[in-house]
Amino acid sequence: MNIGKAIVLLRKEKKISQEGLATESKLSRHYMYKLENNKASPTINTLVKISEVLSIPVSELIALAEKEN
């Protein structure tokens, strides 16, 4: 699963900076960097926070991550 690539694609589609997504998700920018580069694995709660900011269902984020694999 390439969750990092999916987050980057959706973030850029919504024209949100990495820092903006991190701030709105109440996550550190460093952690967001690690997620986007697949150097960290997100928890379900983290995926929920990110999905809420991106205004998409968690299932859509996961489906895109599976497709980007």
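Q: Where does Glu 36 sit?
A: Glu 36 is part of helix 3, residues 29-36. Helices here are DSSP runs (H or I, at least four residues; strands are E, at least two), numbered from the N terminus. This is a predicted model, in which local features need pLDDT of at least 70 and side-chain atom pairs count only at pLDDT 80 or more, while totals for chains, interfaces and linings use all residues. Residues are numbered from 1 along each chain as its sequence is written, and side-chain values use heavy atoms, with hydrogens and water left out.

Q: Is Glu 36 buried or exposed?
A: Glu 36 is buried, because its relative accessible area is 9%. Buried means under 20% relative accessible area, exposed over 50%, and partly exposed in between (1.4 Å probe, protein chains only).

Q: Which side chains does the Glu 36 side chain make polar contacts with?
A: Its side chain has a polar contact of 2.7 Å with that of Arg 11, and another of 2.8 Å with that of Gln 18. A polar contact is a pair of N or O atoms within 3.5 Å; within protein, one must be able to donate a hydrogen and the other to accept it, and residues adjacent in sequence count only if both atoms are side-chain atoms.

Q: And what else does Glu 36 touch?
A: Not counting residues up to four places away in sequence, Glu 36 touches Gly 4, Lys 5, Ile 7, Val 8, Arg 11, Gln 18 and Leu 21. Contact means heavy atoms within 4.5 Å.

Q: Some of those are in helix 1, I think. Which residues of helix 1 are buried?
A: Ile 3, Gly 4, Ala 6, Ile 7, Val 8, Leu 10 and Arg 11 are buried in helix 1. Their cover includes helix 2, helix 3, helix 4 and helix 5.

Q: How do helix 1 and helix 5 pack?
A: Their axes are 8 Å apart, at an angle of about 115°. Axes are lines fitted to C-alpha atoms, for helices over the stretch in contact, and angles run from 0 to 180 degrees between N-to-C directions. Ile 3, Ala 6, Ile 7 and Leu 10 in helix 1 meet Leu 61, Leu 64 and Ala 65 in helix 5. By class, that contact has 7 nonpolar residues, no polar and no charged. Ala, Val, Leu, Ile, Met, Phe, Trp, Tyr, Cys and Pro count as nonpolar, Asp, Glu, Lys and Arg as charged, and the others, Gly among them, as polar.

Q: What about helix 2 and helix 4, how do their axes cross?
A: The axes of helix 2 (residues 18-25) and helix 4 (residues 44-54) come within 9 Å and cross at roughly 115°. Leu 21, Glu 24 and Ser 25 of helix 2 meet Lys 49, Ile 50, Val 53 and Leu 54 of helix 4. This contact has 4 nonpolar, 1 polar and 2 charged residues.

Q: Ser 25 is in there. Buried or exposed?
A: Ser 25 is buried, because its relative accessibility is 2%. Its side chain reaches the backbone oxygen of Leu 21 at 2.8 Å. Leaving aside neighbours within four places in sequence, Ser 25 is in contact with Met 32, Lys 49, Ile 50 and Val 53.

Q: How many residues are in the largest nonpolar core?
A: There are 17, and Ile 7, Met 32, Ile 50 and Leu 61 have the most contacts inside it. A nonpolar core is a set of buried Ala, Val, Leu, Ile, Met, Phe, Trp, Tyr and Cys residues joined through side-chain atoms within 4.5 Å. Helix 1 (3-13), helix 2, helix 3, helix 4 and helix 5 (58-67) each give two or more residues to this core. Helix 1 gives the most, with 4 residues.

Q: What does Leu 61 touch?
A: Beyond neighbours within four places in sequence, Leu 61 is in contact with residues including Ile 3, Ala 6, Leu 47 and Ile 56.

Q: New topic: where is Lys 15, and what is its phi?
A: Lys 15 lies in the loop between helix 1 and helix 2. Its phi is near 60°, a positive value in a residue other than glycine. Most residues other than glycine have a negative phi. Lys 15 counts as exposed because its relative accessibility is 76%.

Q: And Lys 26, what is its phi?
A: Phi of Lys 26 is near 60°. Lys 26 is in the loop between helix 2 and helix 3, and is exposed, with a relative accessible area of 71%.
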